[in-house]
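Please examine the sequence and the three-dimensional model shown here. The account below is meant to be read alongside them.

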Amino acid sequence: MASHTINSITDENSKDLHTKLRAISGHPPGAVSHLCYSVEVSAKDDFNPELLGDLSPQPIFCSLPWISDENLRYEETFFQAPPLRMSTKLQKAGYTVVNHLSCYNLTEQQVGKFLATGVRNLFIIRGDTVTPGQRFPKAADLVQYLRDRQKEDGVKLTIGVGGYPYGHSQSKSDTNELRYLKEKVAIGVDFLLTQTLYDAESFFGYRERCKQVGITIPVIPGIYLPHSYSHLQTMLKITNITLPPTLHASFETHAEDPPEQFEAFVVEHFVGVLRELLAPNDVSRDPVRLIHFFTFNKIRLLEKVLLKLKQFL
């Protein structure tokens, strides 16, 4: 793997994710003054993790989705599940890894096996499907179980959950969703990572609503860089997000663009979103110091965005 250009926050692999997040969030004040970022990559056979070595600066962590339907077939050979094999590769290369864990049909035995691999940073999701009678019906149930295990085993875990700036499709209201989120955070959540963002205003509004109900943990904006208009449409359907009319029209204008032209639009649009997110940093008491990128393994597209953000990194 190519040698890393590592900034101060990624320099010591011994620093756990919780320590890194506190430093980025200003504990102690001024510990981090530049922009940091993290990436989500998928454990696909065609993904070469050495591509991450070309990123400069390096991400402070890499997250790995856990696709339940694919990984349940590894019950007997759990350690061979693709995300766990990729996790091992990335950790050996010096990256901090955050493993996703879905509640879907998950058992206590599987959780034990998961933790036995050495995983300590977790992003907990309920999953789109819930089977009647499954051990963990909600993400909060799994968070509670993990915190109980932590007390019993003496193993320190860093846990994140999702946030929904455009609203949760299954919530009755924003008020109801935030009340449930606050209860989940109180159980023992260390950070929120938002669902895919397409504009800065939605993030700031969501973060403010979180603060108003007493949620004070770091809220990390998640940026998805679509590599085609059809992939964008697929993601919007999967995530049940309805874009604001002006934003929808902006993307639709480029629906028939050839790949290179659409990619250029995506870079321009999301660099603009990121600049809006970062613009208040000099005067804000809560500056945005960490951005998460959902890459879908399109590392070259991410490189183009990072190049245009060089002044902040």
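The model is predicted. Eight of them form a closed barrel in the order β1-β2-β3-β4-β5-β6-β7-β8, and the pairing is parallel. From one strand to the next, the twist averages 30 degrees. Strand β1 covers residues 36-40 and strand β2 covers residues 62-64, and two bridges join them in the parallel sense. Val39 has Cys62 in β2 as its bridge partner.

Two helix contacts may be considered next. Helix α5 (residues 139-153) and helix α6 (residues 174-188) have axes that come within 9 Å and cross at roughly 10 degrees. Because angles under 35 degrees count as roughly parallel, α5 is roughly parallel to α6. On the α5 side the contact involves Ala139, Ala140, Val143, Gln144 and Arg147, which meet Tyr180, Lys184, Ile187 and Gly188 in α6. By class, the residues of this contact of α5 with α6 comprise five nonpolar, two polar and two charged.

The second contact is formed by helix α9 (residues 245-252) and helix α10 (residues 259-278), whose axes lie 11 Å apart and whose packing angle is about 155 degrees. Since angles over 145 degrees count as roughly antiparallel, α9 is roughly antiparallel to α10. Here Leu247, Ser250 and Phe251 of α9 meet Phe265, His269 and Phe270 of α10. The contact of α9 with α10 has four nonpolar residues, two polar ones and no charged ones.

Attention may now turn to open space in the model. The largest pocket holds about 1,600 Å³ of space. It is lined by 46 residues, of which Ile125, Gly127, Asp128, Tyr164 and Ile238 are the closest to its centre. Several strands and helices give two or more residues to this lining: the strands are β3 (97-102), β4 (121-125), β5 (158-163) and β6 (191-197), and the helices are α2 (68-71), α6 and α8 (229-239). In composition, the lining of the largest pocket has 17 nonpolar, 20 polar and nine charged residues.

Most residues other than glycine have a negative phi, and most peptide bonds are trans. The peptide bond from Ser56 to Pro57, however, is cis, with omega near -5 degrees. Pro57 belongs to the loop between β1 and β2, the two strands that pair over two bridges. Asn105 is not a glycine, yet its phi is positive, at about 55 degrees. Asn105 is located in the loop between β3 and α4 (108-116).

Note on methods. Residues numbered from 1 in each chain as written. Predicted model: local features only at pLDDT ≥ 70, side-chain atom pairs only at ≥ 80, totals over all residues. Heavy atoms only, no water. Pairing = 2+ DSSP bridges. Helix = DSSP H or I, 4+ residues; strand = E, 2+ residues; numbered from the N terminus. Axes fitted to C-alpha atoms, helices over the stretch in contact; angles between N-to-C directions. Parallel < 35°, antiparallel > 145°, perpendicular 65-115°, else oblique. Contact = heavy atoms within 4.5 Å. Nonpolar A, V, L, I, M, F, W, Y, C, P; charged D, E, K, R; others polar. 1 Å grid on protein atoms, 1.4 Å probe; cavity = no way out; pocket = protein on both sides within 12 Å on 5 of 7 lines; lining within 4 Å. Points joined across faces, edges and corners; volume = space filled by probe spheres on them.
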